[in-house]
Amino acid sequence: MSISKAAAIVGAAEANEIGYPDEPRTSLQLHIEAIKNVSDYTGIPISAIEGVFSTAWSSDLAEHLGLHPKYIDTTAVGGCSFEMHVHHALCAIYAGVIDVALVSHGENGWSQRRVGREGGPSYPAHRDAPGVQMTIPYGFSGPPSQYAHAMVRHNHDFGTTPEDFAHVSVVTREWAMKNPRAVMFNDETHEFGGPITIDDVNNSRLITWPLTMLHCCLQTDHGGAVLIARPEIARDLKTNPVWIAGAGESMSHSTILETDDFTATSAALSAKSAYEMAGLGPKDMESAMIYDSFTVTAAITAEMLGLAPRGDGYKLWKDGTAAPGGKLPINTNGGGLSFNHSGMYGMHLLVEAYRQLSGTAEDGINGIKGKQTNARTCVVNGTGGLLSTTGTLVLTSD
Amino acid sequence: MPGKKPLPQPSPLTRVFWEGTSEGKLMLPKCNACNRIHWYPRYICPHCHSMDLTWVEGSGEGTLHTFAVQHRAFGGWAEEAPYVTAYIDLKEGDRMATVLRGVDPTKPESIKIGTPVKVEFEEMDDGLFVPFWRVEDAA
């Protein structure tokens, strides 16, 4: 048997409350609710989980669940860690070590300001790394302060403009308006929710030139979990399996100082591995879930995944290809820009990819009419750190 | 009350660099096996994996690789916003981060990638001298 499709994602679920909840929530609570929900959804009891994959200390998480797993993985290299967890789980199942794997995420990106980070991710934890030390004196703050450098260089190398990238934000908002769980669903879910224009993006508050606020993702609470099982188990469940046809991971650097090309990521490498394993290529992809920490992240990644020529990633959004009704729907949940972004967005990508390919993207909680696409294939790419690490999956509905 | 600007903690690996900055020198790690410069300091050459490494004094010259303007800053940097951060391609190879001087942060379109820059050193809290890069007056 080939490693391609040696396992399937058999279910995905989120925590009960996500976004900006009235009552503060802890990361551990977000994890546990999502795990309970995915167990109920698939009918797989929590006690049947043999492998635990998360960016929290997975031993803490397994202990909280009363589990004694055979496989424990705390890969925590940023927001792409969850795509890597799926890759690792596929390998572990293919090797015959485990039959059922849990990939879990809980991160109270919003509530942590009030209740701390109990059970939170172990990333980032490398302030003492010598490369990081050499950026400390220079007034950088959060991720926007760094990602802006990528947009400036992309503008220089390819003649693009910040307005070109604003289309990513506008189109992604159109998707969010089909998802009642999206923070920016409408003006009742958030005072700035509902439709936006290019002018709105241009005129929103300047964070790090050229990035205005609407080029940047949200910071919310989110928990999600997926269960992965070998084919014999997947076929007996009541849920629709989504097959892991290809998986790959890579990195160009860890510290941003080591960025060779500010207009590229290692998604080119991780996607090559994933496409090769799947025996499929970018032209076979009927949808994509792409990490949109910033508009520029999504556009560059689309180029790296082979979905658009170098320099032209933004055109997928500008010409409507990625929009509702378009030929290649991208980020159909509303993205990190307008749905949710807890800090590490990779699990949000997995949950939505599962829902689209399993035909459950419009069940009343997850979407309204027009959100479900007819895509049978999806390329999923997470980006971690500062354009640093990447994990790519090629998922198929059959 | 504004906080202090965060500073690195010199370590056995970086001690020579920080001793150099206090004397106005930009010391760079160099591999004796492949003769290439690398930045930041390492225990092993990232190019050829030799551990025969030394330090050489850099020219303090470079060019602007890319930049951004920080409008939202915290702690010791809060009062200086907006200011320009940048990555500098060293004449000797590899790349350093900086806050870019000699530019107008309110006119980012006037700042050009590829512009020549020179290093200078500023004494910070605790006596640490930190390198910053400056765009020389346009001719």
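1. The model is predicted: local features need pLDDT of at least 70, side-chain atom pairs count only at pLDDT 80 or more, and totals for chains, interfaces and linings use all residues. Residues are numbered from 1 along each chain as its sequence is written, and chains are lettered from A in the order in which they are written.

2. Chain A has 14 helices and 11 strands (DSSP runs numbered from the N terminus: helices are H or I with at least four residues, strands are E with at least two). Its C-alpha trace spans about 50 × 45 × 40 Å along the principal axes. Of the 398 residues in chain A, 63% are buried (20 or more other C-beta atoms within 10 Å of the residue's own, C-beta atoms being placed from the backbone).

3. Helix 7 (residues 162-176) and helix 11 (residues 295-304) of chain A pack at about 100 degrees, with axes 9 Å apart (axes are lines fitted to C-alpha atoms over the stretch in contact, and angles run from 0 to 180 degrees between N-to-C directions). Helix 7 of chain A is therefore roughly perpendicular to helix 11 of chain A (65 to 115 degrees).

4. The contact between chains takes 23 residues from chain A and 29 residues from chain B (C-beta atoms, placed from the backbone, within 7 Å). Helix 6 of chain A gives the largest share of the chain A side, six residues.

5. Strand 5 of chain A pairs with strand 3 (residues 61-70) of chain B in the antiparallel sense over two bridges (pairing requires at least two DSSP bridges). Thr208(A) stands opposite Gln70(B).

Notes: Parallel < 35°, antiparallel > 145°, perpendicular 65-115°, else oblique. Buried ≥ 20, exposed ≤ 12 C-beta atoms within 10 Å, placed from the backbone. Contact = placed C-beta atoms within 7 Å.
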